[in-house]
Amino acid sequence: ALRDKNIDRTVFKDLAIRSAGIPSVAWEMWRKGLRRDVDGRVVLERVPSFIDASGSSLRNKRQALLMLHAVLIHGQLTLTELDALMPFPQVADVMIGLERAGYLEISGSVVRVPPLTYPTVRSFLLAAGFASDELS
């Protein structure tokens, strides 16, 4: 299918842009975009928007940004580690709000930013003035 000259190449451009060029994020978006058509062929749909990219669903934005920043720096944190790192008492409330909004994923006692939301979360943090490294 990928050798087909009729493939809509904008799908790949959108994928590269939305994933911020991060291979693991692109791979996850690619997987989520694969579907079977009525003839049973595997096709790639446009990469959908998974979360509110404006961040308007966040109740306490400053606390939410601090939490997201901590999770991104460490890659993932346990609930205990996250509670110890946060300088505010409403850790559970903020974490649950971020999970419901799709910005965090909680699996057992581990919290992480899902690959599909990484570019959006990173954009939030950059816009809010948080320090960042260069993506390679």
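Student: What makes the crossing in which α3 passes α6 left-handed?

Tutor: A crossing gets that name if the near helix is turned anticlockwise from the far one by less than a right angle, and right-handed if clockwise; α3 passes α6 in the left-handed way. This is a predicted model, where local features need pLDDT of at least 70, side-chain atom pairs count only at pLDDT 80 or more, and totals for chains, interfaces and linings use all residues. Numbering starts from 1 along each chain as its sequence is written, and side-chain values use heavy atoms, without hydrogens and water.

Student: Why are α3 and α6 called oblique to each other?

Tutor: Helix α3 (residues 61–74) and helix α6 (residues 118–127) pack at about 120°, their axes 10 Å apart. Under 35 degrees is roughly parallel, over 145 roughly antiparallel, 65 to 115 roughly perpendicular, and the rest oblique; α3 and α6 are therefore oblique.

Student: Which residues of α3 and α6 meet?

Tutor: With contact meaning heavy atoms within 4.5 Å, Leu 65, Leu 68, His 69 and Leu 72 in α3 meet Tyr 118, Val 121, Arg 122, Phe 124 and Leu 125 in α6. By class, the contact has 7 nonpolar, 1 polar and 1 charged residues.

Student: How do you know whether Arg 122 is buried or exposed?

Tutor: Arg 122, in helix α6, has 13% relative accessibility. Buried means under 20%, exposed over 50%, partly exposed in between (1.4 Å probe, protein chains only), so Arg 122 counts as buried.

Student: What makes β3 and strand β5 (residues 110–112) a pair?

Tutor: Pairing takes at least two DSSP bridges, and 2 bridges join β3 to β5, which run antiparallel. Thr 78 stands opposite Val 110 in β5.

Methods:
Axes are lines fitted to C-alpha atoms, for helices over the stretch in contact, and angles run from 0 to 180 degrees between N-to-C directions. Helices (H or I, at least four residues) and strands (E, at least two) are DSSP runs, numbered from the N terminus. Ala, Val, Leu, Ile, Met, Phe, Trp, Tyr, Cys and Pro count as nonpolar, Asp, Glu, Lys and Arg as charged, and the others, Gly among them, as polar.
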